[in-house]
Amino acid sequence: MEENNGTIVVTEEMIQKKHYDSVAKIFEDSPVSVVRHTAFGPIVDLRGSGERTISRVKVMIDGTPINPLEETHGTIPFDTIPVESIAKIEIVPGTGTTKYGGGTTGGYINIHTKKDRQNNYITINADHASYNANSIGIAAGMNASKKLFVYAGEAYQRKDGYRKKDHSDRNNFLGGFDYQINEKHRVKGQGNLYREDLKSTTEVTHEELKQDRRKAGEDTKIEMDRDFASLDYEYTPTSHFKIRANVNRAHFTRDVFMNAKQDQLIMPNAFRFEMGFFGERKNLKPVLRNFQSTMEGRFKEKNQEGKVDGEWKYNQGKGHLQFGYSYNEKNLKQDVKAISKPFHLGEMEYFFQGDPAPHPFEDYTGKIMDADTMWRRVYKDNNEVSEEQVEQILLVRKERFDNEKVDVQNYNTVDAFKDTHALYLLNDYKITSKFNVRGGLRWEHSEYGADRKNKMLFGIHNAKKSYLAALAAMYGLLSDYEKQKLVEGKLNYIHLNLSLKETHVKDSSDNMGGELGFTYQYHRKGSVFFRYERGFLSPLPSQLTNKDFLTGIYYPSHVKSEKVDTFEIGIKHSLWNNTHIEANTFFSLTKDEITNMRYNANNHMNMRWAYTNISKTRRLGLEVNAEHIFDKLKIRESFSYVDAKIAKDTSFKDYYHSGYVEGTDKKFAKEPLYYKKGQKVPLVSKVKVTLGAEYQFTDKLSLGGNYNYVSGYDTREPGEGFQAKTYKVKGHGTLDLFGRYSFTDYAYVRFGVNNVLGEKYNLREDSHYAVPAPKQNYYAGFSYKF
C-alpha cells in the first residue's frame, strides 16, 4: 500500500514560485490545511482539529517533531529553517499513528530538507515586499568527495508589519553532511540555529478596528532562540535489510514581554475589601475597567530523542516490514511574572454574576455599577439609616478607601516533563500486482507531570498614610520591621501575600494504536484505498491542572487520554493524459477529546483555564484535489469539507457551580452541561476551497493566481457569569497574483500581489478583541538556482 494515500506534496518548485516570508504561509495556499494564528505564533489545522491543533497535528522536520510541550503559551517554530533549504513538504491528514505516534489524530506535516546526497546545487533568493520587508536567503550543497556531501543554508529577514509598531528580525541557519563510509555504512549529521525578535502589539477591540485597521494595541516583544543537532547512522547489510539509529536534541528558549489592557476584569474575592455582605450579596463581584498589566516570562524547552528503526523487504519484494523503537524526553521550565499598573480602589466597580440579581439589584442584572450606586442600593431598604447617614458613610468610605493606591503581582513557575517509550511495526504486502494490504501496531508508554508554584502579592503604595496598611498591621500581616517603620511614618510601600499555591501532579498512560487497510488498482490509471486507524493522544503535563474561573484555586483536571477511530475511503484517477483527481471521504469518532476553556484569556494577570474531556466528538468530511495540464496552462483546485460536532452531552465540573469547599472532602455538587450534543467543535472551519492557475506566455514569462476561501468557525468562551457562550467568526476569501520572468535557465525575477481584492478579515478574534490581516500587499525579488 502506498504510504502517501491522501498526502498533499508541496514541491520546492511550487514554493519558489511565490515569495513566502514565513513557512506557515505555504499552508495557506495548500489544500486541506487551515492556518490559525495565536498570540504566540501560527498553527496549522488538519481535519477539524480546531482549538487542539497544536497537540493533534504533529509537525516534523525530517521526521523529528517540533511541537511544544505546552499549549497555552506554546508555539510551533515553523521558521526555524530557511525556506531555501526545503526540498518538499508532505501534508498527511488524518493518519500517522503507527509510525509517528500520539499527536497525529489530525494528521502530520513533514518538512523535508535538502539533506540527502544529490547533485551540486545553489539557490539564492533576495526579495523586497510591503511594510519595509527585505529578505535574503542562500542554500548550497556540494559533493566534496566521492563519499562526502555537505550542505548549508542561511536566511535573514527584516520587516515591519501591517499594524503600527510591528517589526521583526529573523536569522536562521541549517547545515550538515552525508558521508558514505562504504557500501554498508553511512553517517549523516545536521545542525540548525534560529533566532527571531518580534515586536508587536496585542489585540484591539472590534470598535477600534472599525476606526483604524492598522491600530496598535499594547506593546509585546518575543525573543526566540532555538538550536538543534542530529546524528544518524545507517547500516545496510543486504539490499533487502536496512537499519538506522538516530539521536537528536533541541533547545528552544523564548523571552516574552507583553503589556495588556482589559476593558473589564473580574477580581477574585480577596479584593472585596468592604465588609457586611451576607446572603446572596456575597456574590457581588469587584470589577476593574481598563485594567493594565505587564507580563514578563521565560519559556525554556528541551527535547532529547533516541530512536532505532529499520525496514526489511521479503518474499521477493512482495512484503515490506518497517519497525522501530524510540525514547523521547521533553522538559519545559516556565518562569512568568505579571504585575499590574497601580490603581486606586475608588476605580473599583461591582456587578452580580448570575440571573437574576438579588433584591435590591434586580435592574442591575449583568450590568456594572459604581461603588456609590452599589452602597446606596445596599441601604435602600434599611429604615434605620437616613439618607444623610448614607451620604456620611459614603464620605468616610471615600476618605478611607478611594484614594488607596495599590497593585497586584502574580508570580508563576512551572517545571513540566513528558517521557515516552514507543514500539511500532508496519507491514505492507502485495497479495497480487493490483491488491496490496497494510497493517500496523504501535505501543506507547508515557509518564508526565508538572510542579507549579503560584504566588500573588497585594502592594500598598504610600503605606505611611494608608488605612489599609494600618488594618494590615492590626491583623498581624506586617513584620516587626514594617510595623516600626509604619509607626515612624517612613513606610512607603509594602506587599501582602494573598496566596501561595503549590501543585505537584504526575501521571502515566499506556496506549495502543494502529491501522489496517488496503489498496486496489482497478485500472492502470486508477486505484482505490480503504483505511481504518486507531489513534490516541495522551495529556500534556500542563493539562493536568485547572485554575478555577471564580476563585483562582488550582485543582486537578483528571483528564484522560483521548482515543480516535477513523475510517477512510479514497480514490485516485487520471483522465485524458492531462487530468489527475484524488478524492477521500472520512469518518472519525473521538472518545474523551481533551478540550480547554479559558477565561480572561487576553490578560495574563488573571487568566483562568479549565481542561476536561468531551465524552464523544465526531468528524466526517470530504477532500477533493484535482490538477489539469493543458500545454502552457496548469490549473489546480481543491475542496475540503469537515463537519466536527460534539456527539454526547458532557458535564463540566467547576467551583462556581458547586458546593466545593477548599481543604475539605466535599465533592462537586453540580455539573452544568457546557458541551451539548450537536454543538460545533470550536475553531473548526467547515470548508476550504483553493483554485490556482498558471500560464506560460513565453519561454521566459509566466503569470498565475491563487484563490483561497476558508469558511467561518465558532469560538467558545465563558461569559461574565461563567456560562459558556458562542461567538461566530466570519469566513474569508483572498486572491493572490504572481509572476515570473527568466533571464537565463538559472536566473529569474518573481513578483506578485497578495490579497488583491483587499478582503477585510482577522487573523484571530473573539467576541471582544481581534488582530487584523493585511490588505493588499506586494513583493518583488530576484532568484538564482543552479
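Author: The protein has eight helices and 40 strands, where helices (H or I, at least four residues) and strands (E, at least two) are DSSP runs numbered from the N terminus. This is a predicted model, in which local features need pLDDT of at least 70, side-chain atom pairs count only at pLDDT 80 or more, and totals for chains, interfaces and linings use all residues. Residues are numbered from 1 along each chain as its sequence is written, and side-chain values use heavy atoms, with hydrogens and water left out.

Reader: What makes helix 5 mostly covered?

Author: A residue is buried if its relative accessible area is under 20%, exposed if over 50%, and partly exposed in between (1.4 Å probe, protein chains only). In helix 5, residues 371–378, six of the eight residues are buried, among them Met 374 and Trp 375. Helix 5 is therefore described as mostly covered.

Reader: Why is the pair Asp 370 and Asp 372 called a polar contact?

Author: A polar contact is a pair of N or O atoms within 3.5 Å; within protein, one must be able to donate a hydrogen and the other to accept it, and residues adjacent in sequence count only if both atoms are side-chain atoms. At the start of helix 5, a side-chain oxygen of Asp 370 lies within 3.2 Å of the backbone nitrogen of Asp 372, so the pair meets the distance limit.

Reader: Which residues have the most contacts inside the largest nonpolar core?

Author: They are Phe 343, Met 374 and Ile 494, in a core of 31 residues. A nonpolar core is a set of buried Ala, Val, Leu, Ile, Met, Phe, Trp, Tyr and Cys residues joined through side-chain atoms within 4.5 Å. Helix 5 and helix 6 (387–402) are among the elements that give two or more residues to this core.
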